Amino acid sequence: MKFNILMLALLVFLYSCKKEEDPHAGHDIYYTCSMHPQVVSDKPGKCPICHMDLVPVEKKKNADPNEIILNDEQVKLGNIKTVALSDGSMADKLTLTGTLNFNQYQMQAVSSRVMGRVERLYYKNIGDFVPKGAPLVDIYSEELNNAKQEYLLALERRKLFVGNTSIDFDQLLQSSRNKLYLWGMSESQIKQLERSGKATPTTTVFSNAAGYITDLSIAEGDYLAEGGTIVNLADLSSLWAEAQVYSSQMALLQKDSKVTVYIPDLDNLKINGKVDFTNPEISASSRINLVRVSVPNKGNLLKPGMPVYVLVENKSRDGLSMPVDAVIRDGKSSTVWVKTAKNTFVNRMVETGLEYEDRIEITSGIKAGDEVVVSGAYLLNSEYIFKKGADPMAGHDMSTM
């Protein structure tokens, strides 16, 4: 009896003297601080910085070099959120801001064909409408008046010497008439000159086009040089909606793109059109290109200078897409973080496609069903660099993309 009691006491003593064992003993783990992940230890203890208890993290065998493992506290503090990708329809739309401008194909300058002084100006306001054939100016020109006198003299001599001379007055008259044509006189003005037999000191210049005056740089009493512009006219039956587009968005502009122009100043009036022109040259400093859409101007409601919105739409297509902020781009390549296990994330290179509003298309690198990080991707990237001292992009083979 005494022997049994002695053995029991001995066992209790030995058990109490036995060193407390680590519950994680035998496991391939390390210890780190959830607040200061740079602190790493092979045994439990306290963080030398914040004095919090170190937490165990299990080492993963055959781990991917691009992989990073976080503890629950780090995931919570980093607001790491993931979403399982699925196939869907990617809307191919682009909204541009622009301005209405004159259609340059429907603008024309009316100029003087002879040098002279402006005696009368029929239209004096920019914005006035000039019908085709309307008088613009009365001009006094010594050269034109001399040409009129030559023509009248040839007419008179033909009557006097008809049949009594070898001079071909018909050819002489035709030459004089051609000179009057070249200097801007119309057929009706020349016939009037023939009927009256008198040359007026001034000659009226008529408009050869219809439109609204956009520029008027002369006044009564001014001198016009030969070829000098009298007025610039614009036909406002159609206008150009000109918008700026970044070079990265040019892929969205296609020949069959549906274009809608919205006029905010006219209660968002909607006008359908198509892309008529894209500037072949891109500004090297701004990387901006010019897109031009021709729009009809029924009732002349549209005015040059009005702001517009240009909506470009293409046929939607199926594919993978994710938030733009979830893709890390450095100008040469794009990567995303994919969740492969609990609190385990791996960096993968992807190829991107269309970008619309806050979504971007993923064409390769990941597949439907992958859980991608949509919140905290940049924090994961920074954590990887901090822990491993290298950019996660360094582990990718760029040549295979």
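## Basis of the model

Because the model is predicted, local features need pLDDT of at least 70 and side-chain atom pairs count only at pLDDT 80 or more, whereas totals for chains, interfaces and linings use all residues. Residues are numbered from 1 along each chain as its sequence is written, and side-chain values use heavy atoms, with hydrogens and water left out.

## Overall make-up

The secondary structure of the protein comes to six helices and 25 strands, where helices (H or I, at least four residues) and strands (E, at least two) are DSSP runs numbered from the N terminus. Of its 401 residues, 36% count as buried, a term that means under 20% relative accessible area with a 1.4 Å probe and protein chains only, as against exposed at over 50% and partly exposed in between. Among contacts (heavy atoms within 4.5 Å) between residues at least 6 apart in sequence, 71% join residues at least 24 apart.

## Helices around α5

The axes of helix α4 (residues 169-182) and helix α5 (residues 187-196) come within 10 Å and cross at roughly 130°; axes are lines fitted to C-alpha atoms over the stretch in contact, and angles run from 0 to 180 degrees between N-to-C directions. That angle makes α4 oblique to α5, since angles under 35 degrees count as roughly parallel, over 145 as roughly antiparallel, 65 to 115 as roughly perpendicular and the rest as oblique. The contact is made by Arg 177, Leu 180 and Tyr 181 of α4 together with Glu 187, Ile 190, Leu 193 and Glu 194 of α5.

The axes of helix α3 (residues 142-160) and α5 also come within 10 Å, crossing at roughly 55°, which makes α3 oblique to α5. Here Lys 148, Tyr 151, Leu 152 and Leu 155 in α3 meet Ile 190, Leu 193 and Glu 194 in α5.

## Nonpolar cores

A nonpolar core is a set of buried Ala, Val, Leu, Ile, Met, Phe, Trp, Tyr and Cys residues joined through side-chain atoms within 4.5 Å. The largest has 24 residues, and those with the most contacts inside it are Leu 100, Val 261, Ile 263, Val 295 and Val 310. Elements giving two or more residues to this core include β6 (88-102), β16 (258-263) and β20 (307-323), while β15 gives the most, with four residues.

Leaving aside neighbours within four places in sequence, Val 295 is in contact with Leu 100, Ser 238, Leu 239, Val 261, Ile 271 and Leu 302. Apart from this core lies another, of 18 residues, among them Tyr 123, Val 205, Leu 216 and Ile 218.
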